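Have the sequence and the 3D view at hand as you read.

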Amino acid sequence: MKKILLAGDVACGKTTLCQRLNGLEQRYKKTQTVEVVGKTIDTPGEYLEHRSFLKGLVVTAAEVDLVLFLQDATQERFLYSPGMAGMFPVPVAGIVTKADLATQRQLSDAREMLELTGADPIFTISSVTEEGMEPLLAFLAT
């Protein structure tokens, strides 16, 4: 599996995806600092929410193969900037999360917003039901 960095706002599903990717028990845990779990780097949502911390994401990304931008489809706020993927030194893919809780319209809107960041490809998943996980896992294995 590629070494990846998970980026996204608070409660978008970064830690749940990290747990799923690493075969860990699914349990809620608020990430307080950058955590390395296997080949996955889980970051606090505050790194995206507070612009003064963005440099921390970019610097941490220097040690990975891929950055994953996560967007909770059930949230109306979108914290990424257009073209934001270009500020990272490695490729950026997008993940629309919480597919099991969102409407088709919400999924479509989240995908469109991630496209604007320059993230490519974009996957739609539920870490809880495992919906959409197979294509993501196949992508991460290459």
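## The second largest pocket

The second largest pocket holds about 150 Å³ of space. This is a predicted model, in which local features need pLDDT of at least 70 and side-chain atom pairs count only at pLDDT 80 or more, while totals for chains, interfaces and linings use all residues. Residues are numbered from 1 along each chain as its sequence is written, and side-chain values use heavy atoms, with hydrogens and water left out.

A pocket here is an open set of points on a 1 Å grid over the protein atoms alone, where a 1.4 Å probe fits, with protein on both sides within 12 Å along at least five of seven lines; lining residues have an atom within 4 Å of a point. Its volume is the space filled by probe spheres set on the points, which are joined across faces, edges and corners.

Among the residues lining the second largest pocket are Gln71, Asp72, Phe78, Asp109 and Met113. Strand E4 (66-72) and helix H4 (104-117) each give two or more residues to this lining, and H4 has the largest share, with four. Helices (H or I, at least four residues) and strands (E, at least two) are DSSP runs, numbered from the N terminus.

## The largest pocket

In the largest pocket there is about 420 Å³ of space. Its lining has 24 residues, and those closest to the centre are Ala11, Cys12, Gly13, Lys14 and Thr16. Helix H1 (residues 14-21) contributes the most to the lining, with four residues.

## Nonpolar cores

A nonpolar core is a set of buried (under 20% relative accessible area, 1.4 Å probe, protein chains only) Ala, Val, Leu, Ile, Met, Phe, Trp, Tyr and Cys residues joined through side-chain atoms within 4.5 Å. The largest one has 25 residues, and Leu5, Val64, Val67, Phe69, Phe88, Val92 and Val96 touch the most other members. Apart from this core lies another, of 16 residues, including Ile4 and Met133.

## Backbone spots to look at

Most residues other than glycine have a negative phi, and most peptide bonds are trans. Ala11, although not a glycine, has a positive phi of about 70 degrees. Ala11 sits in the loop between E1 and H1 and counts as exposed (over 50%) because its relative accessibility is 52%.

Lys98 also has a positive phi, near 65 degrees, and is found in the loop between E5 and H4. A cis peptide bond, with omega about 0 degrees, joins Asp120 and Pro121.
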